[in-house]
Amino acid sequence: MFLFEMLDNSILNVALPTIGRDLAVDAAGLQWVTAAYAVTFGGLMLASGAVADRYGRRRVMLVGLVLLGVTSLATAFVTTSAELVAVRAATGVAAAMTTPGSMALAFRLYADDEQRVRALNVVSTVGLVGLAVGPVAGGLVLAVAPWQVLLLVNVPIAALAFVGVRLGIAPDDPADLHPAPIDWWGAGLGTATIVLALLAPTRFAHAGGGDPAAWVCTGAALAAALGFVLRERRTAHPLLDLALVARPLVASGLAQKAATGLAVAGLGYLVTLQFQLAWGWSPTVAALGMLPQVVVLVAGSAFVGPFVRRVGLGRAAWSSATAVVVGLGVFTVAGRAGYGWVALALVLVAAGMRVVGVVAGTNVLRGLPEDRTTVGAALVDTASEVSSAVGLAVAGTVLTAVFAGPLTGTLWSTGQGDRFAGAVAIGGTVLTVLAGALVVWAARRTGERPAP
């Protein structure tokens, strides 16, 4: 299902200009096409993970796969932007039911940590292949077929996954399921918190710090988060036991995933703008400029297992997260000096992301009881989603505040180029400091220390 998540997003991004022309959708409408999926996916993962841990991970995944197939098939009948937004929102619901479950099932198939790392590495590799192949395949398909065909690819993926899960994975053992009833009030507050936490950064990134709606979303997200914490601390059967989240392995793993999300989202946004606007590269040349990252992400799977065996799970986690932060720092300090520095930053971030994506998730699930596995996987995905949104918001808000004139103008003045460089320096520094602080905190939480 990680393949579906990464392939679906990368293909949709390629198709957005064509969708805008065919459905007469403006930039704001296209934003909702992408946001509808992200908000429902991120917002419902925690609740769906809790349902899966209580009623069966396999069962919830099978229902989600059916919903995924149906919503993907519905794309063929879309004629308006509102219909497409509704379909994308329903697809996000299906993804929330299936994506955390795939990590949880892969983890629980094995008892040995090395085998677990290997299993999650395979899941990660398949998804990253989809991320790399998606834009190329999408561009080729759009040359000969309507954009709806791109999203219909999820139908056979869902069908194959359904057959594989139905025949290849045994039904859940009732003894491994969480016996407590679901805290629906907690589920509602948790969902509201995450949805608002995803909407607020999006508003900041597009409208800047002066947008009242962004601040309203931020305040509402904080209020919902406070309500969620109070509810979970007082109820007899919490949706999410906060004492479990505070465990060293769980807290540190989530912090490392959040640090990675901040750095990767901010770097991707700033590098793309630098390639195409500051340096004037065409989209094709800019895509080629990202190849070092793609190659490391895909080819790095062969090195994850040996690296973890050599240094151990703890050191692999903090060192890989540190590599991501260092990569962002390299781009912030030297990225304007030439492509070589940008390529180095992309390689460092990709190498770190490749390892931390597997190891941090493994540590989170290792730190939880067996009947909380899917909630743990949902927490991992939620940490990535929210931190990525914050990373984009920081970069976008700084750029909006510092840059003068239309960002997409074909000819920039010298002053605009300097202001863009200043925005990169400010935004990159803020994200590097935030991500670095999370990595340091995670290392201290587990007692890990960098080697002298």
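Modeller: This is a predicted model. Its accessible surface comes to about 19100 Å², and 69% of that belongs to carbon and sulfur atoms.

Colleague: How many helices and strands does the protein have?

Modeller: The protein has 18 helices and zero strands. Of its 452 residues, 51% are buried.

Colleague: And the contacts, what share comes from residues 24 or more positions apart?

Modeller: Such residues account for 83% of the contacts with a separation of 6 or more.

Colleague: Switching to charges. How many salt bridges come out?

Modeller: The count comes to three. One of them joins Arg 231 and Asp 183, with the closest N and O atoms 2.8 Å apart. That pair links distant parts of the chain, 48 residues apart: Arg 231 sits in helix H9, and Asp 183 in the loop between helix H7 and helix H8.

Colleague: Is Asp 183 buried or exposed?

Modeller: Asp 183 is buried, at 3% relative accessible area, whereas Arg 231 is partly exposed at 30%.

Colleague: What about Asp 53, which residue does it pair with?

Modeller: Asp 53 forms a salt bridge with Arg 57, and their closest N and O atoms are 3.1 Å apart. Asp 53 is buried at 0%, and Arg 57 counts as buried at 6%.

Colleague: Last topic, cavities. How many of 30 Å³ or more?

Modeller: The structure holds one, and the largest cavity has about 30 Å³ of space.

Colleague: What lines the largest cavity?

Modeller: Its lining has five nonpolar, no polar and two charged residues. Among them are Leu 240, Asp 241, Leu 368 and Arg 372.

Technical notes
Residues are numbered from 1 along each chain as its sequence is written. This is a predicted model: local features need pLDDT of at least 70, side-chain atom pairs count only at pLDDT 80 or more; totals for chains, interfaces and linings use all residues. Side-chain values use heavy atoms; hydrogens and water are left out. On a 1 Å grid over the protein atoms alone, a cavity is a set of points where a 1.4 Å probe fits but cannot get out, and a pocket is an open set with protein on both sides within 12 Å along at least five of seven lines; lining residues have an atom within 4 Å of a point. Grid points are joined across faces, edges and corners, and a volume is the space filled by probe spheres set on the points. Ala, Val, Leu, Ile, Met, Phe, Trp, Tyr, Cys and Pro count as nonpolar, Asp, Glu, Lys and Arg as charged, and the others, Gly among them, as polar. Helices (H or I, at least four residues) and strands (E, at least two) are DSSP runs, numbered from the N terminus. Buried means under 20% relative accessible area, exposed over 50%, partly exposed in between (1.4 Å probe, protein chains only). Contact means heavy atoms within 4.5 Å. Accessible areas come from the Shrake-Rupley method with a 1.4 Å probe; for residues, only the protein chains shown count as cover. A salt bridge is a side-chain nitrogen of Lys or Arg within 4 Å of a carboxyl oxygen of Asp or Glu.
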